Every structure is written in structure tokens, then in C-alpha cells.
Amino acid sequence: MMNNEKKPKEPLFHIAKRPAISWQKAWGIRVIAILLAFLFSGLVIMMLTKQNPISVYATMFDGCFRTEAKFWQLLQEMALLLCVSLAVTPAFKMHFWNIGAEGQVLIGGLATAACMIILGGKISNGLLLVVMIVASILAGAIWALIPAIFKARFNTNETLFTLMMNYVAIQLVSYFAMVWEKTKGAGTVGEISFGWLPRIGNNDYILNIIVVLILTVVLYIYLNKSKHGYELTVVGESENTARYIGINVNKVIIRTMLLSGALCGVAGLLIVGGKDHTINSSIAGGRGFTAIMVSWLAKFNPFYMIATALLLAFMQKGAGEISTVYGIDKAVSDIITGIILFFIIGCEFFINYELKFIKRHKEGE
Amino acid sequence: MKSMKKIVAIVLAVVLVGALFAGCSKKVTPVAGFICLHDENSTYDKNFIDSAKEACKALGLEEGQYLIKTNINEDNSCYEAAKDLVDQGCKFVFADSFGHEDYMIKAAKEFPEVQFAHATGTQAHTVKLDNFHNAFASIYEGRYLAGIAAGLKLNEIKEAGKLKGKTAKMGYVGAFTYAEVISGYTSFYLGAKSVCPEVTMEVTFTGSWYDETAEKEAANKLINNGCDLISQHADSMGAPTACETAGIPDVSYNGSTVSACPNTFIVSSRINWAPYFEYAIKATQEGKAFDTDWTGSIDTESVQLTEINDKAAAKDTQAAIDAAKAEFAAGTRKVFDVNTFTVTISKDKNVNAKIDKEGHLTSYMADVDTDENYTPDTEVIKDGEFAESSFRSAPYFDIQIDGIELLDVNFG
């Protein structure tokens, strides 16, 4: 301790990377973070709205579970969000920042709607469904393929490219909403009567949910048990390593983005054919961006994503209920969602790193 | 599959806790439910929300007896919202945006014991369901009166020698190119023209009901084009605030924007929905049938003007408006009097119209019964007037009259 006298301003703590942490401890940290999040957003609720936070939280649960229909809606929302999350996962795991899921979903939806409007009533419903499936998957895949090719060939920045493709998709959808509008000039297509995905039993929601759960299992296997999954992980970790061991990086980028876009196309199909039966530029509803959160929070594990998608769907639906019941601006519920996410994401820091408080050296006195 | 088990456990826990919470909350049964496309940041939705609260209060409904759902898109979420309101016990469900209509009809078919009403829609008189209703108001009369205020202001600017061009020119920010908007800007223009015959107008469209940036840009574009006064039919504060910044007078819509625009706000027309809500909710409560297609008017207090802002308005504006109002009541003045405007027919313009030598309308076939091909089905020129909102409540005036120039036809 030679320079003891020279550091009166020794920092209170320093940050160090944790060695492996037991899962009990990791979950302990997460639970504490969630409790803190609820406590903190409770304070904010009290300050902003003068409402009792407990009853506000109860309202959130109410909004998701009060009736059977609400519960199914929650599961459907979870499924659709999960579908887009599954879509972005392979690309993100490859460290290809696909911010364009919103546009890929929209284009998939647009292709679906085009089939429903143009072919509806002219071919048999079964054939129409097949055409819709093919068209939506192709449309989503092509929308993702364009930035992938540019990335592979010219090393363009995929974040900007995919982001801008979103706006192109939005404008295309707005244009076609005008072409297909029901009342001249109103810009709304209205409910399309052909090409609805079949109902299972008497339930409007269950088909979408089943399809997405199947995709979840398939994607899990693809990512973790297949050669493709291994290759894209290596490309994500280090392109040079991938090249060194003989992986064709460009091929992997294009193949993975095709998959990512195709899955987004499926999401568009489920939204337009299985839920909304119309097309407008808000059908993707921001899922393309929320999905990134779902995927990251779950550390790219499709099964964990079920839980994170459920959490986000829950908060979205709950937030809507809060604004209805208390007549407060939706911004307040968005603030609550933001706070909770902040804590959940923030706690990952404390799982990976630890604060080491520095003991004062008594002998210096 | 250890992780699977964990997830199932988490899901179950969430559900159980949810059930617990749901069990302990108590609530009064709601009577009326309202579905809004946006929230109170949109002047359009705010107008509905304010009217709904006012009407429910007048009917003696407490908080909790009416529910307002905001930010409901024009897709299946409208149906889901309607269904949820019914599940909670609402006997009257209302939606405020044009694109909600198909989904309200879907809900109406599923719940025949609940009354569904929809503003600005066009299908109630053709789907013929006992429990599905359309409503609108003769807002063209309100816009005409607001147009008089605009015309007088232009005269005042002209007398002061401060016109930007040789003749007075107005600018109008519209949302979409369909009848509701066309009817609105045309009546506004005709009101201004009734006191300032030389006036012309430029119209630009944003392709959205709520896009603050686009509306602001549109207003600025019109101001740069040399417009002396602006009005709008889009729902954000974009155009009014652009006018305040540029110091250009603005005739607003949906309600007063005077607090944000104290120097430039002249007056605003609005539909007061409270009379309709009171009428329809009361009928629902009493189990009586009510109109399939209801059109409010100045008489029902559905069509209103806000207070005039003396700081921006021309002198004697109130007197001129009152005089015109009295003439409406007496039937001596009509908004779409065919002798007050001319129409030009070309290959792609006004093809459903017939005109005389001077260019005045003699016949017009409108698409009143909405269909996919916009088939013109009804003759709407009656007794020297375009009979707006008399064959159905929602406007169907979609003629491009002389003196109004469309700068663009926006596809969003």
C-alpha cells in the first residue's frame, strides 16, 4: 500500500464481471428487480394519477383475465408477438440487426390481403388458402432478402436498410388500401369476406396460437440441433472464425434472412387471414419492434420467448385496460410498461456483473 | 424439457394470481361503451369523449357506468373491443371512426340484444339490422357558417391592403379525398364565397386522420403558396399551430383551439354529439327503438360554433353568422344551393353530374347505397339544391366545384 496517501477519493465500489452464477441467484436478482419495478412504478402512478397502485395493477390483471374472451385475446396477442419474435431471432443470433420485421409483416399481410381480394370467390376456398400461404411467405422472404443481398454483396448497413424498407412497406400498404378502399376516398378496405383461416371448433383464436407454438418448437430445433443453426451462430460470434472453418458467410446471411422474412410473412398471414380480415398500415402494430425486446429478453431461446412474449402482451393489454377504467392517457400506461422493462433489462447487468464495494483501509489513518 | 416445465409453472402462476385479483375487484355494471380511434390528443376523438361524458352525466350515469376505450384500430380490435364492452354489461356500444363500421356490424349480428351505433358510417340503411345505427350531423351548415367568418376576415385583410396575392385565397388541409371531407371543404368555401365572392381555395390532403407533422407541413405549404387564411379537416393540432407560428388566421374544426392559438384562431365548427348520445342511450335504456340513420342539425344543437375569438375575427362576424343561421331556419338560404356555384365536367371529373349552360348543377347521381364499385344510385338534386345528408346521414357530396383547386390526391 505504497500510494495509500495519494487516493483519498477511492471510489466506493468497482464493477467486475461475475463468474458463472447459480440459477437460483440469477432468478433471485430477477425477482427483486420485478418487485422494485412494481414499487417504483407504483410511486409514479400515485404521483401522476393519484390512484392506488394496487388497484391499478389489479386492473391490469382484470384486463387480461376477467372473461374467457379476454384470456384468449391475451394468448392470441402473445402468439402473434411470439411469431414475429421467432422471425427476428435467427437474424439477431447471427448479429444481423433486422429492424425491418414490421415491414416484412406488413408485406406478408399485404400479399395475403391481395389474394383474398383478387382471388376471393373466384377459386375454391381451400386453394385460396394455399395461395395465401405461399404468397405471404414469399412476400416476407423477398422483403428480407433485398437488404440481405445488399449486405452480402456490398456490406451495406443492414440496420438502416431494413428500417427504411419498413417505410416503403407502409407506403405500399397505404397505396393499396386506397386502391381497394370500400368507400371512395376513405382509405379503408373494410372486412374482406373471403379467405379467412379456418376456425377450430368455435374458437377464433386457437388456430393462430397452435401454428405459432408449432413454429416455436421447429425453430428451437433449427437453432440448436441443426447444422444451419450452428453456422449462423458461428457467423454471429465471429465472421472470421466462420470463414476459417469453411462456412460460406454470404450464403448463411442470405439463407437466414430468407427464413426471418418468411416467418414474418407467416405473421402477416395470421394477422390478416386469421384475425383482422382487412389491411391497413397499422396491422403490424409495432410488433416488429416489440419482438426485438421479446427475443433479447429471452436470450434468443424460443421457449423462453413464450414467457417474455406473454409478459409483454400482458402489459400491453393491461395498459389498455388501465386507460379505459381510469380514463387516464395511454401515455401513463406506456410509462409503467417502460419502467417495468427498464428494471427487467437492467437486472441482467447485475446478473453478469457484480459491484465490489471497496473496504476503507484503516491503516492509512 | 426442463425449461418447458418452468414455463408452464410460470404461466400457471400468472393465471392464478390473475384470477385472484379478478375475483376481488368490484364494479358497477356499465350501461354505455364508447370506442375511439385515438385518444384525447386528437381533436376529433376529444370531441366525442367530451360529448360522451356530458351526455352520460346528463342522463345521471355515474363513473363506471360508461366506459371509453381509446386507441382502437380500424380492424378486428374494434370487434374485440365491442365484444368486451358487451361482456362487461354495456347495452349501448358506440364507435367513432369510419373504418370501425364493418366490425361494429359484425358485433351487432352477434349480439342482437345490444344496440350498436356508429358515427359517419354509411351502411345502416342497407344492412337493415334492428340494432345497428348510423349517425351524423349536418355539419356542412356549421362549416358554411364558419366559412362566413373566414370570408369576412378576408374582406378585412383586403381592405387593409394586406392580401398576399391580388385576390383572396384560402388554404385547406384535408385528411382523405372522400365525401365527408369534400362536403366539408366545399361548404366552408361556399360560406366564405357568400360574403367574399372573389375567393378561391387550395386543398391539400395528408392521407391520414391524425398526423401532426404532415398536417403542419401541409399548412406551411399552403401558407407559402400565398394563402391568406387556413382551415382544416384533420384531427391534430398541426395546422392550427402552424398558423399561429406564421401569424395566419385559422378557422378550426372539432372544437376551439384558442388556448394554443390565441392570436390566429377565429372560430371553429363542431359536431356536438351529446344530443345524439342522450337520445340513443335513453332509448336503449327504455327499450325503445331509435333511428337507424340519424342526422343532427343546428336545431338539435348537434351543429355548433365555438365562441368567436374577437382578437382574430373580423368585426360584426357574430351578427353575420346569426343572420345566416336565421335564414337557414327560415329555409331561405341553403348551403348547396346550385345557383351559388358552378361545376366543370371533364373525362375524369364530376362524371355523374349534369349541368346547364351557366355550369349550374341540374342533376347528380350519388353513391348513397355504398357498394364496391361506387355505383351512383340516387338522384340528389332536389328543388335547386344538392340535398346533402337527407338520403343517409353521412355526407355524399363529392363534386369538385369551380374555384377550389386540389393540389394533390394523397395516398398516405
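1. **How to read the model.** This is a predicted model, in which local features need pLDDT of at least 70, side-chain atom pairs count only at pLDDT 80 or more, and totals for chains, interfaces and linings use all residues. Residues are numbered from 1 along each chain as its sequence is written, while chains are lettered from A and ligands numbered from 1 in the order in which they are written.

2. **Confidence in chain A.** Let's start with pLDDT, the predictor's confidence in each residue, from 0 to 100. Chain A has a mean pLDDT of 89, with 96% of its residues at 70 or more. For the model, ipTM is 0.79 and pTM is 0.83.

3. **Confidence in chain B.** Chain B averages a pLDDT of 91, and 93% of the residues score at least 70. Take care with helix H1 (residues 2–24) of chain B, though: confidence in chain B is lowest there, at a mean of 53, and highest in strand E3 (residues 92–95), at 97. Over residues 18–25 of chain B the pLDDT is below 50, yet this stretch has 13 contacts in the model beyond near neighbours in sequence. A contact here is a pair of residues whose C-beta atoms, placed from the backbone, lie within 7 Å.

4. **Chain A overall.** Chain A has 13 helices and 2 strands. Both kinds of element are DSSP runs numbered from the N terminus: helices (H or I) have at least four residues and strands (E) at least two. The C-alpha trace of chain A spans about 90 × 60 × 40 Å along its principal axes. Of its 365 residues, 45% count as buried. The cut-offs are 20 or more other C-beta atoms within 10 Å of a residue's own for buried, 12 or fewer for exposed, and in between for partly exposed, with C-beta atoms placed from the backbone. Among contacts in chain A with a separation of 6 or more, 78% join residues 24 or more positions apart.

5. **H1 against H13.** Have a look at H1 (residues 23–49) and H13 (residues 330–352) of chain A, which pack at about 155° with their axes 8 Å apart. Axes are lines fitted to C-alpha atoms, for helices over the stretch in contact, and angles run from 0 to 180 degrees between N-to-C directions. H1(A) and H13(A) are therefore roughly antiparallel. That word is for angles over 145 degrees; under 35 is roughly parallel, 65 to 115 roughly perpendicular, and the rest oblique. The contact of H1(A) with H13(A) has 20 nonpolar, 3 polar and 1 charged residues. Nonpolar covers Ala, Val, Leu, Ile, Met, Phe, Trp, Tyr, Cys and Pro; charged covers Asp, Glu, Lys and Arg; the others, Gly among them, are polar.

6. **H5 against H10.** The axes of H5 (residues 125–154) and H10 of chain A come within 6 Å and cross at roughly 145°. The contact of H5(A) with H10(A) has 19 nonpolar, 8 polar and 1 charged residues.

7. **The A–B contact.** Chain A puts 41 residues into the contact and chain B 43. On the side of chain A that touches chain B, H12(A) gives the most, with 7 residues. By class, that side of chain A has 14 nonpolar, 17 polar and 10 charged residues.

8. **Glu77(A).** Leaving out residues up to four places away in sequence, Glu77(A) touches Ala313(A), Gln316(A) and Lys317(A). The C-alpha atoms of Glu77(A) and Leu312(A) are 9.3 Å apart, although the two residues are 235 apart in sequence.

9. Asn155(A), in the loop between H5 and H6 of chain A, has a positive phi of about 55° although it is not a glycine. Asn155(A) counts as exposed because it has 8 C-beta neighbours inside 10 Å. In chain B, Asn71(B) has a positive phi near 60°, and its 19 C-beta neighbours inside 10 Å make it partly exposed. Pro19(A) is in the loop between strand E1 (13–17) and H1 of chain A, and its C-alpha atom is 8.4 Å from that of Tyr353(A), 334 residues apart along the chain.

Notes
Contact = placed C-beta atoms within 7 Å.
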